[in-house]
Amino acid sequence: MSDSVAANRQPAVAEPGAAAGRLRAQVEALEHRLRQRDAQRRALLHILGDLNEFNKRLAHQRKAMLHILADYEQDRRRLARQTERLDNSRRALLHILQDSHQDKRKLENSRKAMIHIMGDLRETTAEMQRREQQLRDKQEQLVQAGKLATLGELTTGVAHELNNPLNNIGLFVGNAVDLIELAGTEKGQIVRELGHAMQQVRKATEIISHLRTFGRAAPASRDVISLRQVIGRALSLMREQLRLREIVVTIDLGPEEPRVVGNAIQLEQVFINLLTNARDAVAESPRKAIRISGSAGSGWAGVALADTGHGIPPGLERRIFDPFFTTKEVGKGTGLGLSITYGIIKEHGGTISVMSPPGEGATFLIHLPLAPADSEETSP
């Protein structure tokens with residue numbers, strides 16, 4: 001540009017050919033510059049296009065980066081929550097371990113306590129067994145004492161019952177001696193008199209044997225026995241006492257033969273105790289009577305013993321089976337008879353109860369389980 005100005009300022013006197021040459025040079029220079037400017041413009045357009053593409057890619061990358069950052073933030077938050085849960089789980093696990101340790105110590109203490117308790121329980125069980133054995137021994141002694149007391153009460157009647165066969169023995173033997181001394185007496189008559197004497201000896205022997213059997217301690221064995229025979233033997237010991245007091249005894253045990261599994265001596269003691277109570281109950285009654293009835297069915301044998309006494313005072317029906325409880329006057333009863341009776345019936349798996357309507361005497365009801373049908377009776 002400075003060259004063209006300088007040329008223009010030259011004097012006009014210059015040659016026309018030189019001026020045209022300079023002008024063409026200037027035009028060419030301008031064209032060259034224009035071409036350079038155009039190349040630069042095109043290069044700038046390319047650069048702008050590339051820059052635009054780069055900006056687009058950068059925008060996409062920025063969006064992708066934003067998504068990555070968002071995912072990262074979510075992952076970070078999830079990781080933070082997981083870390084928090086893991087920390088909570090760790091703390092919970094620590095608590096569980098602490099509790100487990102405490103539970104283990106408690107379990108160990110409980111185990112030690114259980115060992116002590118088991119030891120105490122074994123000692124207590126042994127003590128209970130020892131006391132139960134002592135109780136059974138005392139009960140057996142009490143039953144035996146009751147039997148001996150009953151024998152003491154039966155002594156008078158038995159003495160009378162033995163006196164009759166002994167007197168008869170003396171009479172029959174005396175008759176036999178007289179017949180032997182008389183000449184011409186037949187042998188058959190002497191033998192008959194001696195036979196009668198032997199019958200009376202056997203009768204006295206049976207009475208004494210029965211007393212000995214009843215008086216000794218009863219074995220713990222259980223046999224199949226007939227209630228009819230047990231009641232009959234009890235009446236044989238009480239018969240003379242009842243006869244002397246003019247007490248009428250009626251028996252109706254039915255057509256069947258009730259058999260039970262039990263101890264004959266103990267059950268005989270039961271009926272002797274009940275007969276003794278009934279004997280005392282009707283002592284001052286205008287009508288002195290005792291009735292024994294029985295029945296069997298539905299797996300049970302029942303026996304009822306009723307008297308015509310004044311009955312049991314109201315409110316005392318449940319107490320009469322208590323030990324040492326008695327309604328008799330002082331010195332006329334120990335209060336053990338019905339208690340022993342209750343215990344024997346319970347040991348045999350049965351029940352005993354009493355009914356006493358006002359003014360109608362007392363009725364004792366006994367129920368005992370029947371023996372199996374295929375069992376055989378055992379002689380006592």
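Q: In which helix do Glu73 and Arg76 both lie?
A: This is a predicted model, in which local features need pLDDT of at least 70, side-chain atom pairs count only at pLDDT 80 or more, and totals for chains, interfaces and linings use all residues. Residues are numbered from 1 along each chain as its sequence is written, and side-chain values use heavy atoms, leaving out hydrogens and water. Helices (H or I, at least four residues) and strands (E, at least two) are DSSP runs numbered from the N terminus. Glu73 and Arg76 are three residues apart, about one turn, and both belong to helix H2.

Q: What is the N to O distance in the salt bridge of Glu73 and Arg76?
A: Side chains of opposite charge can pair when their charged atoms come close. A salt bridge requires a side-chain nitrogen of Lys or Arg within 4 Å of a carboxyl oxygen of Asp or Glu. For Glu73 and Arg76, the N to O distance is 2.3 Å.

Q: How far apart are the closest N and O atoms of Arg41 and Asp38?
A: Arg41 and Asp38 are three residues apart in helix H2, so about one helical turn separates them. Both also belong to a salt-bridge network that includes Arg42. The closest N and O atoms of the Arg41 and Asp38 salt bridge are apart by 2.7 Å.

Q: Is Ile47 buried or exposed?
A: Ile47 is placed in helix H2, which covers residues 16-181. Buried means under 20% relative accessible area, exposed over 50%, and partly exposed in between (1.4 Å probe, protein chains only). Because its relative accessible area is 51%, Ile47 is classed as exposed.

Q: What accessible area do Leu44, Leu45, Ile47, Leu48, Leu51, Phe54 and Leu58 have together?
A: A patch is made of residues with over 30% relative accessible area and no salt bridge, with like charges joined within 9 Å and nonpolar side chains (Val, Leu, Ile, Met, Phe, Trp, Tyr) within 5 Å. Areas come from the Shrake-Rupley method with a 1.4 Å probe, and for residues only the protein chains shown count as cover. These seven residues form a nonpolar surface patch, and their accessible area together is about 650 Å².

Q: Which residues have the most contacts inside the largest nonpolar core?
A: A nonpolar core is a set of buried Ala, Val, Leu, Ile, Met, Phe, Trp, Tyr and Cys residues joined through side-chain atoms within 4.5 Å. The largest one has 38 residues, and helix H5 (264-281) and strand E4 (289-297) are among the elements that each supply at least two. The residues with the most contacts inside this core are Leu267 and Ile292.
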